[in-house]
Amino acid sequence: MKRVTGIGGIFFKAKDAPSLQAWYKRHLGIDVQVWGGASFDWTDTEGKPVAGTTAWLIDPQESKHFAPSAASFMVNYRVEDLHALLKALKEEGCNVLEKVDDSEYGKFGWVIDPEGNKVELWQPPQGQ
């Protein structure tokens, strides 16, 4: 079974999220959307779209999105078979959170690493 196949997203907290989002938009040209982040669609070497997206998000400092972790960041990793991976991680003694989300954006599960960081695992919808 393949485990992680790539990075699906990078999420981090900011003391002043709107100001930091504006800075990234102005100075780095990131097309920050009203939800606080951007989606980077993957392309091939000729710039043609291929299946895949990487999300980028700045959350407010008080966000509970990363709970129970106290970290100011969370990485989302792409996986091929979320349920099989979560089962394997549990069997290996990892701290797997019980909640699994299934939505139009794919399946999401979480594990806490040995330093207390919440790690998001994402199985994209078919074809992405």
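User: Which residues is Met 1 in contact with, leaving aside its neighbours within four places in sequence?

Analyst: Welcome! This is a predicted model. In this model, Met 1 is in contact with Ala 84, Leu 85 and Ala 88. Contact here means heavy atoms within 4.5 Å. Met 1 itself is found in the segment before strand 1.

User: Why is Met 1 called exposed?

Analyst: The relative accessible area of Met 1 is 58%. Exposed means over 50%, so Met 1 counts as exposed.

User: Why is Gln 123 called buried?

Analyst: Gln 123 has a relative accessibility of 17%. The label buried is for values under 20%, so Gln 123 is buried. Its place is in strand 8.

User: What does Gln 123 touch, not counting residues up to four places away in sequence?

Analyst: Gln 123 touches Val 79, Glu 80, Asp 81, Leu 82, Gly 106 and Lys 107.

User: Why is Gln 33 called partly exposed?

Analyst: Gln 33 has a relative accessible area of 35%. Buried is under 20% and exposed is over 50%, with partly exposed in between, so Gln 33 takes the label in between. Gln 33 is found in the loop between helix 1 (17–28) and strand 2 (37–43).

User: Which side chain does the side chain of Gln 33 join in a polar contact?

Analyst: The side chains of Gln 33 and Asp 31 are joined by a polar contact of 3.0 Å. As for Asn 76, Gln 33 is 43 residues from it in sequence and 19 Å from it in space, C-alpha to C-alpha.

User: Where is there a cis peptide bond?

Analyst: A cis peptide bond joins Ala 67 and Pro 68, with omega at about 10°. Pro 68 sits in the loop between strand 3 and strand 4 (73–79).

User: Which residues lie closest to the centre of the largest pocket?

Analyst: The largest pocket has a volume of about 500 Å³. Of its 18 lining residues, Ser 39, Ala 55, Tyr 105, Phe 108 and Trp 122 are the closest to the centre. Strand 1 (4–14), strand 3 (49–60), strand 7 (106–112) and strand 8 (118–123) are the elements that give two or more residues to the lining. Strand 3 gives the most, with five residues.

User: How do the residues of that lining divide by type?

Analyst: The lining of the largest pocket has eight nonpolar residues, seven polar and three charged.

User: How many helices and strands does the protein chain have?

Analyst: The protein chain has two helices and eight strands. From the N terminus on, they run β-α-β-β-β-α-β-β-β-β. Buried residues make up 39% of the 128 residues. The accessible surface of the protein chain comes to about 8,000 Å², and 53% of that belongs to carbon and sulfur atoms.

How values were computed. Residues are numbered from 1 along each chain as its sequence is written. This is a predicted model: local features need pLDDT of at least 70, side-chain atom pairs count only at pLDDT 80 or more; totals for chains, interfaces and linings use all residues. Side-chain values use heavy atoms; hydrogens and water are left out. On a 1 Å grid over the protein atoms alone, a cavity is a set of points where a 1.4 Å probe fits but cannot get out, and a pocket is an open set with protein on both sides within 12 Å along at least five of seven lines; lining residues have an atom within 4 Å of a point. Grid points are joined across faces, edges and corners, and a volume is the space filled by probe spheres set on the points. Helices (H or I, at least four residues) and strands (E, at least two) are DSSP runs, numbered from the N terminus. Ala, Val, Leu, Ile, Met, Phe, Trp, Tyr, Cys and Pro count as nonpolar, Asp, Glu, Lys and Arg as charged, and the others, Gly among them, as polar. Buried means under 20% relative accessible area, exposed over 50%, partly exposed in between (1.4 Å probe, protein chains only). Accessible areas come from the Shrake-Rupley method with a 1.4 Å probe; for residues, only the protein chains shown count as cover. A polar contact is a pair of N or O atoms within 3.5 Å; within protein, one must be able to donate a hydrogen and the other to accept it, and residues adjacent in sequence count only if both atoms are side-chain atoms.
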